[in-house]
Amino acid sequence: WLKPTHHRSCSTSADIAAGRPAPPPKAMVALNQRQMSAPTRRGVEARRKFRTAVHMLQAQRRLGRPRHEAAERAAAETQVSDHERTNRLVVMTLNLQYFSSYPDDGEAAREALKQATCVDDRPAAADIIAVQEGVADVDVLGAVGYDLVACSGKAGEAQTVREMVYNDGAALRACPSKLHDSVLCNQLYLRRGSAWKVEESGVERISSDLELKGGGDRCEGPLATRSMVWARLRRPGSEGSVYVMCTHISGGRFEDQYFVQQLADERRRQPERCVDFFERRRQAPEDTAILVGDFNALEEYAADGPMHCYFGFGVAPSGGVRADAEAAGLRSPEELEAQFKEYMVSPFAALRGAGWSFAYGKEIGVTSCFGHLVDHMATSRPVEVDRCDVKYLTNQKVGNKPRDTELPLTDHNAVKVAFFL
C-alpha cells in the first residue's frame, strides 16, 4: 500500500533513502486551502509528515540501515488522530464486461479479485466497489468479502446483455451464451467490516427515451437504458454523509455512430442528471458526492490521440455517419470531427461546469484494453486524494505491449482511490 506507484504524495526511493522530504501531493493543487478549516489544515499537514516519516523508516529497514531515533520520534509524534482517520474512504471502480473475459478458474479469479481490492489489507482495502457491466444474478464479490447494497438490475432499471449490445452477434459471441438474457447492470458493494455504513441506497434512471434510427449498417432500436446506482454512507465521527454514485454513460461503438443526431446532447445530460440528483437529495451542506464510472471517453481529445484514431477508423467511415453529416450541413471532415470531439468530452465539461473536480487524470495511465483512460471519479467539491492505484485486470490489445497480468478478468483495469473527506 505504501509503495510509491501512482502515489501523489510520496517522493522517490532515492529521496526517501537520503532523508529528503516528500513533495506536496499533486491532488492538493485542486484543493483550495482557504476552504479548509484550521483543524483540517493541521490534519493534512500531520498526515503528510506521518507518511514521510513512515517512508523513511521503511527505506532504512529495506537498506539494512539502523533506525534513526529522530525519524521514529517524528512518526510517533505525527500519528493521524482517530478523528482524522475516520474521514478516510477507499473507493474502487470495476467494469466486469458482463464476464466476457472472466476466467473459468473461479478460485484463481477469486484470488485475483482479493489482490485487486486489497480486502485482506485493511488500511488499503476498498470500502466500496462501484461495478459497471455486472450481471444481476452473478455475484463474484460476495466470496471476496463484499455485500451488494444497490443494483440497477434488481431495481428494474436495466436491460439484458442482448438488449444492451443491440443484439450484435460479435458482442454476444464474446459473452457466455448462458448470460445473453441476463440483466446487465450497475452495482455497489460494501466491504464487510467497513466502518462506513449505508444509511440509504437506490437507483435512478439517467438516460432519455430515444429511438436510434438512420440506417447505414448501424444498430437500431431504443437507446439502451443507463442508470445510476447510489448509496449514502456515514461513518461515526465523520462530518456529513458521502453519496457514492456509480454509472456507465452512453457511448461506445454502437451508440457513437449517432453522435450527429439523437445522441448529440445525451452524453452531457446524463452526468447533469447525476448532479441534479445529488443537489436534490443531499441532507446537509457538508455532504459530499463521488461519481464513479465508465464515461466511454478520455477527458482530453488530442489531435493525435486515441480518440482521434478511433474517430478515423471506427466512426467517420460509417455510411450512416456520413449521411447524418450531410443532413446536418457538416461539409468537411474537420467540422465533423469537431462535433465528435464535443460529443465525447461533454460529460467532463458538464461536471466541471457544475463545479465538480476529478480525482485523477492521465497521469495514472490507461484503464481500457485499447489504451484509453475511460474510468473516472469526480467529486462534488475538492477532496484530498491520499492514494490512487491502477489494478491491472486486462492486457493492452494495441501496440504489441507487454502483458500487465497473466490472468485477465475483464477488458478494463480497475482504479482504487483513497479519499480524505
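Me: Where is Val-183 found?
Reply: This is a predicted model, where local features need pLDDT of at least 70, side-chain atom pairs count only at pLDDT 80 or more, and totals for chains, interfaces and linings use all residues. Residues are numbered from 1 along each chain as its sequence is written, and side-chain values use heavy atoms, with hydrogens and water left out. Strands here are DSSP E runs of at least two residues and helices are H or I runs of at least four, numbered from the N terminus. Val-183 sits in residues 183–191, that is, strand 5.

Me: Why does Val-183 count as partly exposed?
Reply: Buried means under 20% relative accessible area and exposed over 50%, with partly exposed in between (1.4 Å probe, protein chains only). Val-183 counts as partly exposed because its relative accessibility is 25%.

Me: Which residues of the largest nonpolar core touch the most other members?
Reply: A nonpolar core is a set of buried Ala, Val, Leu, Ile, Met, Phe, Trp, Tyr and Cys residues joined through side-chain atoms within 4.5 Å. The largest one has 75 residues, and those touching the most other members are Ile-129, Met-245, Phe-259, Phe-340 and Trp-356.

Me: Which helix gives the most to this core?
Reply: The contribution is seven residues, from the helix spanning residues 333–353. That's helix 11.

Me: How many nonpolar, polar and charged residues are in the lining of the largest pocket?
Reply: Nonpolar covers Ala, Val, Leu, Ile, Met, Phe, Trp, Tyr, Cys and Pro, charged covers Asp, Glu, Lys and Arg, and the others, Gly among them, are polar. The lining of the largest pocket has 20 nonpolar, eleven polar and eight charged residues.
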